[in-house]
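Q: Please take a close look at the aromatic side chains here. Which rings pair up, and where do they sit?

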Amino acid sequence: MIRETGSHSYARIAVWYAARSPMHYLPLIRRRTCLLCLPIIVQKSLLNWIFGMPAFRVNLPNISRIRRIFRTKRRYAMHQIPNSIAILGNGVLAVDATLRKVLTFKECSGPLVILDYTGRGAMILNRENMMGLSRRNVEWHNLADRMRPISLFHFHQSEHMKRIMFEYLQSVRKLMNIDIRDDSLDWAANLAHRLSRDGAVGLISLLQSLAAPETRRWFMDEHLSPQDSPPEISLLVDMLKWALAYPAVYAMSEGINRVSILDALRKNNVIWLEARQELFERNEHALVLFMAEAALEDALKSVCEDPRVKMGAKPSSMVVHLFPPSAIRHEISSWIEATALWVRHASVHRLESRRPLSALQKNWVNSSSFIWVIGKVESLVASCHESWLNAQEIGCINRMETGGLWIKSNKDGKAIVAKISHTKGELNSSLSDFYRRLSTRRLKISPIIQTAGATQSINAGGNGEKGLYEKICDIDSLRLGWQKVRSGRKDSHGADQVTIAMFDSNPERELKALSGELKKGEYRCRPLRRVYIPKHDGSKRGLSIACIRDRVVQAACLLLLDPVFEVHFSPYSFAFRPRRSAHHALALLKSMINGGFSWAVIADIRKCFDTIDHGVLLDLISRKINDDELINLIAHWLNADVIEFQEFLPMIIGVPQGESLSPLLANIYLDPLDKHFEKLGIRFVRYADDITIMTPSEDDAIKAFHIMEGFLSDVLHLEIKPVTKNYVHVSEGFEYLGFKIAKEGLSIRQRKMDEIIDVIQELMMVLGKDVATLAEKMDAVIRINATIRGFRNYFFVVGENQIMQQLAFLDGCIEQMANHLLPSRIKDDPVWICRERFYFARTIEDVESDETRAVREAKSGLGYPEDRQDPVPGHKLIKDEAKHSPSVAPSDASLVIDAGDEHDSSHRESGVVENGDRLYILMHGSYLMSDHGDLVIKRKKVEAYRRPLDGIGLLFLQGHGMNISVNLQLTLAEKDIPVVFAPPVGHPIAVLNPLASMKSFLRSRQAIRRDDQDIIRAGLNMLAAKVGNQAAVLQYFSKYRTRTLPELAGQLKNAATDIRSFKDKLRSLDPAAAAVRATAMGIEGYAANMYWRMLMRLIPERFGFSGRMKKIGNDVVNQCLNYVYGILYGETWRAIVKAGLDPYFGLIHGSQRDQGSLVFDVIEEFRAPFADRLIIGMLGRGFQPEMNQHGMLRTRTKRLLVKSFSKKWFDKISWRSNRVSPAEILEQQARSLARLFMNEEGYHPFRMKW
């Protein structure tokens, strides 16, 4: 108590001191003084200052310094942790006082974390000390809940992540008492840091990576000594397995309920981490606490490092450590001091009167900024506590009653006593039960029945794909597999002599039998048939041919496995992968060479497929596939017998070459080598078993070769083919994938040149024989064309002049051989004249950049997108998505053209053509948007056109710099209004259609039935109708020239008769014949050549029309044709999609760069009657098309073409005893084609009557 004499004076002085630093209160307090006797403003100011809250200031006059009444001698000079408090006392009262203070919202408005190490804090929480907890979001996490486990221990890549993982591994090592060096732990932490690049990392992912054979090799290739590496990494694996054997540790790492402390901190939530000690084993409890602290440290440091978070002058976050156990830690965790500048820490400890403080408690007491002792406590024994209290302090604490608070500053040793509120009566845990139940409502129940079993299956791919075997058993999957198999040669067979044609006689019966065998577990793979094919070095390669039924199951398995593994393969692997080719591998090598990597390590694995270890392969598969039945099925295929020399030989090692699944298995087997290179930072390219490593120096090349050789030998049990030298300088040149690579560029290997000449020469000798039958000669021509096309497609590389010269040289060789081997009648035959060529002078234009091609096409007048087989693979590793955006305007200013007619710019709507429900917009630089159900077109921010959307059936956009709003696109998709996008020359590049479809089954039927004979027959009839319609057009024009030009009329009639003979040839083709599509396209090409030669005579010479040019049309006639073809293309696309068909599944047409194969098929019937006839007729009637200075059609010419075509397209004609328009005919044909795929009726193409 304050002395009665002068007590009011002391009170007045204390109020004045409240306006200054709270430490100035201490000189006013005498011994045995209570803070409660001071004015309330003084109590509040002091306590708020301790917790970092601003004091209430009062402006009073200055008073001279008052002598100190109470001052203690500072006993310690240890390093202090700022913003920290050590709270001691009776366990219940200490926690109660702490909760009252920290749960007051205005005292701690920022995020609050309560680390309840033993669960005692949850028992003490009640409605009296919860304060403002009900007004805040509370995340309560019971770390002992195994039914609904939470996962806290998962780290994303950050600057501090590696250090946190290292310290956690140190804690586990100490707890397990295992001898592992710090550099090994640091290496494991570095591995976890690298793994975090691909996502969050936990203990399971770290253990799986450490247990992988390729990681062991990486460990040895690091700077650790080789003789010590294997034991060290084995100890690391054992240590993690030991930790994960505890259920709570496994749950904290891999629990089904992912929890992010970082998100909770950003939301200013209260986070209560409860770990009731009696629910854990001793070591398990310690491991869980280590994980919780690591997760909290990661979250706190992430908040601090986040540039979006502004750190204030005073810390707003607070962490309360309730009874941190001394048994597992003697020192204060380093992360507490590291975060103390922006996080306040308060630790609560139980104070024993007759027991000295533990090492951890002493560290907290000596390092904290303040010490609190909550009364009432049992009388402290001086001999036990003299290390941190003097006799006066012990006496003061012993005299405190319940509710007393002794506060000491470690900064200057001053202390005061205050009075605080406390909970009266018995405490209950009903409130913690409420929050615990509330939190479980949002948690999922763990699917793991037994944690020990889950821990044992860590290395068995327990997290892989499941249920794949059941999908293979499904008959629909087998049907897809059969569709893949049936595309092969019809006479192909296995050891059972059953060919594809025989299997195709009743496929449903065979597929049902296979499905039943698989479901019952009775499926057995039949023996493989061994055949040998010659290799370039004179040896032979053995192929193992499976039976048709086994191929079907393997193809179905491949369709399911490929997506699982494809996403995990290295980006530097290119063989047997979708949308990747040898050209991509070459492009990457060229990029590395240009980047300064001047040494190449070349390696070819010796008998890679034949020496694959089955055990290693199945282990690699099981990491991604958690399906024992499927693993056993693959093992069954690997161990299948091979029939050779009429004997059954078991396959003990290797995968059979010739099976569809083998390439994927080889990629799976070699993928660890790719990952090993990536981890070591080695630049490489792998194409199957051909590997090239690029290094900047010879020493690096030697080192990389030894690393590769060691990994292949030790991990994958493979060998490298011995050669004289495995590494060369780029200037010397090296061979890879049939190319020779040098600093100056690529060229074709001379051996490949010699081989192709020999092959062509043998086929030409067959073609030149007089005794050869017509069928043999046609087969020779087909094979020559296929050989040339395949060689050109593989070896042609854009921009490589040496390759172009070599291809031109091959064409010259063929000409020379033809002069010696072929008679004149063969050389003069159109079949030989129109053969494939190795080199086209303009081939580069087909594969140049999209932007450059857009400029060139606009200037040359390229129009309708003719279907073609791209002569080269894609030339970019990464797809350019900008070219798919219809709203991207070209950057070339020379292509910007006025929207309207150059001589009639006063009429704003000159760039818009209406015809029924078709709307053609030809305005350059226009902006399309929707407004209250109307389509609005603006140009230069001025409205130029408006029309209700409900009356539009098709929208055709053509021009530069056109933009369409997203809302309008969504509205058009909802109303099912197709939008065709085209550049100014009528070349459609995109069609907008809604995703939703009620006829997805019909599209699947297209894919399944594409090779059915009735479908191919329909495609042949389409081509025959096209040829017949071309003949009808010629006869149509001959009629009107009988009197004026009788000679020309006769020639037109004769040409029409000859063309009709090609129609008969097309109709007589056997749809089951091999390469029937290519044969049909060749016949159609002959007819088209004759057709255009005759039409050329009908066009006045002043237009400069020298023949039909599909790719390049500099003359105005070709541009007009391309323009109308583009409009017809959009109409055909609309009709096909409206019928529910997929425009990309063609009947005859098809290419690698598909632009709508089915559109090309259907459009053939309508080109000649409604496009060719229209243009030729308009020219004959005096139509004068015009081109502007940029070499493109003028707007008014386009407008006349659109109006003329629309009139023709919507005028009714007689067809099948009805009067219908061509637009209606097209829609009926599309519906008829859909019914053909559904086996509901046949298809009859449109034929022009004349």
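A: Helices (H or I, at least four residues) and strands (E, at least two) are DSSP runs, numbered from the N terminus. This is a predicted model, in which local features need pLDDT of at least 70, side-chain atom pairs count only at pLDDT 80 or more, and totals for chains, interfaces and linings use all residues. Residues are numbered from 1 along each chain as its sequence is written, and side-chain values use heavy atoms, with hydrogens and water left out.

Rings of Phe, Tyr and Trp (its six-membered ring) pair if their centres lie within 6.5 Å; planes under 30 degrees apart count as stacked, over 60 as edge-to-face and the rest as tilted. The whole structure holds 28 aromatic pairs. Take phenylalanine 739 and phenylalanine 795: their ring centres are 5.0 Å apart and their planes stand at 50°, so this pair is tilted. It joins distant parts of the chain, 56 residues apart: phenylalanine 739 is in strand β21 (residues 739-742) and phenylalanine 795 in helix α30 (residues 774-795).

Buried means under 20% relative accessible area, exposed over 50%, partly exposed in between (1.4 Å probe, protein chains only). Phenylalanine 739 has 0% relative accessibility, so it counts as buried. Phenylalanine 795, at 5%, is buried too. Phe739 and Phe795 belong to one aromatic cluster with Phe791, Tyr794 and Phe838.

Now helix α42 (residues 1195-1210). Phenylalanine 1205 and tryptophan 1209 both lie there, 4 residues apart, about one turn of the helix. Their ring centres are 5.4 Å apart with planes at 20°, so the pair is stacked. Both residues are buried.
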